[in-house]
Amino acid sequence: MSAGTGDAGLGALLRQAGFVQLLAYRITAMLSYQIVAVTVGWHIYEITRNPFSLGLVGLAEVLPYFCVAPFAGYLVDHLPRRRLGMVASLGLVATAAILCAVALGGLPFRGVWPIYLAIALTGMVRAFLSPIYNALFARVLERGQYARGAGFGSVVFQTGMVLGPALGGVLVGWGGKGLAYGVAASMAALAVVALAMLRVQEAPPPQTRAPIFASIAEGARFVLSTPVMLGAMALDMFSVLLGGVVAMLPAFIQEILHYGPEGLGILRAAPALGSVCVGLWLARHPLHRNAGRVLLYAVAGFGLCVIGFGLSHSFWLSAAILLFYGAFDGVSVVVRSTILQLATPDEMRGRVSSINGIFISSSNELGAFYAGTMARLLGLVPAVVVGGCAVLGVAGITAWKNPTLRRLNLRDLQ
C-alpha cells in the first residue's frame, strides 16, 4: 500500500474487518478492567475508610505486573498472538469471578487480602493485553495508516475508560458490587470471542530463538538507544506517577465532594471522555509536525489540571477539570502510541510494547501507591497540589534535556 493510502480517512480503517475485531477485543477487555477497578476502589474504601489502602491496590497490581511483563513481551514475540490474547482475556474472566465470589460471601475468607490477591492476578494478566494489541495492530493495518489508526485506537481505548467507570459506578449503586463484578466477567468473555473471530496473518515465528533473557535485553537496548521513544515513555511515566489523582477519587468523593458511587463513576469517566474527544480530533487530523512540542505543552497542561483539581471543592468543577486532565493526557497517549508503532521493528513489537507497559504501569499503579502515601503524610489536598507542581517541573526538565523529543516531527519516522 502506498504512503498516501493512510490519508483515505476513517472509513478506510473501519472497512477492514480485522481492525474492527481487534478494536472489539480492546474495548471489551478495557470495559472489564475498568469496571473492576472502580468497584474494587469502592469495595476497599468501604471496608477500610483509609486512603492508604487505595494506594495498596495499585501496589498489589504493579508488582506482579513488573514480574511478568518482560516475559510476556518475549512470549508475544514467539507464540501465536491471537491465542495468547484469548488466554489472557480468560484470566480477566477469572479475576472478576473471584471478586464476585468475595463480594457475595461465597469464599471462606474475609477482609481485604482476598481482594488484593485477585488484583495481583489482574496485574499478571494485564501484562499481556497491550503487547498483544500492539503486535496485532501492525498486522491488520498498513504502515501508512498507523498514525490515523493509533488515534482511532486511542478513541476506542478511552471510550472503554469512559464507559467502564461510569457503568461500574452505576452497577455498584444500583445492584451492588457482585453485579458489577459479574458484568466485568461477561465483558472479558466477549473479548475472548472477539479474538476467536479475528482472522489475521500473524508474523512467522523466528527461525532461531535467542535465550529468553538475552532476547528481553535486546528489546531493552533498542528502547534505550532510541531517544525519542525513551523520552516519550519517561515523560509520561513521571508526569502520571507524580500527578495521578484517579486512585484518590473514592476519598475525594466521600471526604471533599460528598457524593456517592454514581459520582465516583462520573469522575472516573471524565478524564477518559476528554481523551476520547482529543483522540477523535487526532484521528481526523493526525499530528505530523511539531508533535514533540505539542506533547510537552500537553504535559504542562496536565500538571495545571492536577493543581486545579486538588483545590476544587465543587463536584462539577472537579469533573470539568478532570475532562481537560484527560484531554491533555490523550495527546500524550496518541503521540507515544504512534512513535511506538512507527519506530519498532515487527519482530520486537511484543518486547518493546511490554517495556512501554512497564513505564506506563510504573506511572499508574506506583502512582496510586505514591498518591496514597503522600495523602497519608500531607493530607489529600496538599498531596495532589504538590504532585501537580512536580509535573510542571518534569515537563520543563524534559524540554531542556531532550531536544530530540522537543523537535520531533512524526513524518521523520515514517
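Predicted model: local features only at pLDDT ≥ 70, side-chain atom pairs only at ≥ 80, totals over all residues.
Local features are taken where pLDDT is at least 70 and side-chain atom pairs where it is 80 or more, while totals for chains, interfaces and linings use all residues. Residues count from 1 along each chain as its sequence is written, and side-chain values use heavy atoms, with hydrogens and water left out.

**Salt bridges**

A search of the whole structure turns up six salt bridges (a side-chain nitrogen of Lys or Arg within 4 Å of a carboxyl oxygen of Asp or Glu). Three of them are in the table.

| Pair | N to O distance |
|---|---|
| Glu 61 and Arg 126 | 2.6 Å |
| Arg 351 and Glu 218 | 3.1 Å |
| Asp 236 and Arg 336 | 2.8 Å |

Take Glu 61 and Arg 126, which form a salt bridge. Glu 61 belongs to helix H3 and Arg 126 to helix H5, so this pair ties together parts 65 residues apart in sequence. (Helices are DSSP runs of H or I, at least four residues, numbered from the N terminus.) Both Glu 61 and Arg 126 are buried, meaning under 20% relative accessible area with a 1.4 Å probe and protein chains only; over 50% is exposed, and in between is partly exposed.

Next up is the salt bridge of Arg 351 and Glu 218. Arg 351 is in helix H14 (residues 349-378) and Glu 218 in helix H8 (residues 212-224), so the pair ties together parts 133 residues apart in sequence. Arg 351 is buried at 7%, whereas Glu 218 is partly exposed at 35%. Through shared partners, salt bridges join Asp 77, Arg 81, Glu 218 and Arg 351 into one network.

**Rings**

There are eight aromatic pairs, counting Phe, Tyr and Trp (six-membered ring) centres within 6.5 Å; planes under 30 degrees apart are stacked, over 60 edge-to-face, and the rest tilted. Phe 19 and Phe 137 have ring centres 6.3 Å apart and planes at 75°, so they pair edge-to-face. Phe 19 is buried at 0%, and Phe 137 is buried at 2%. Ring pairs link Phe 19, Tyr 133 and Phe 137 into a cluster.

**Helix H11**

H11 (residues 261-284) has 24 residues, and 17 of those 24 are buried. How much does H11 bend at Ala 270? The bend is about 30°, and Pro 271 follows within four residues. (That angle is between axes fitted to the seven residues ending there and the seven starting there.)

Methods
Helix = DSSP H or I, 4+ residues; strand = E, 2+ residues; numbered from the N terminus. Expected span 1.5 Å × (residues − 1).
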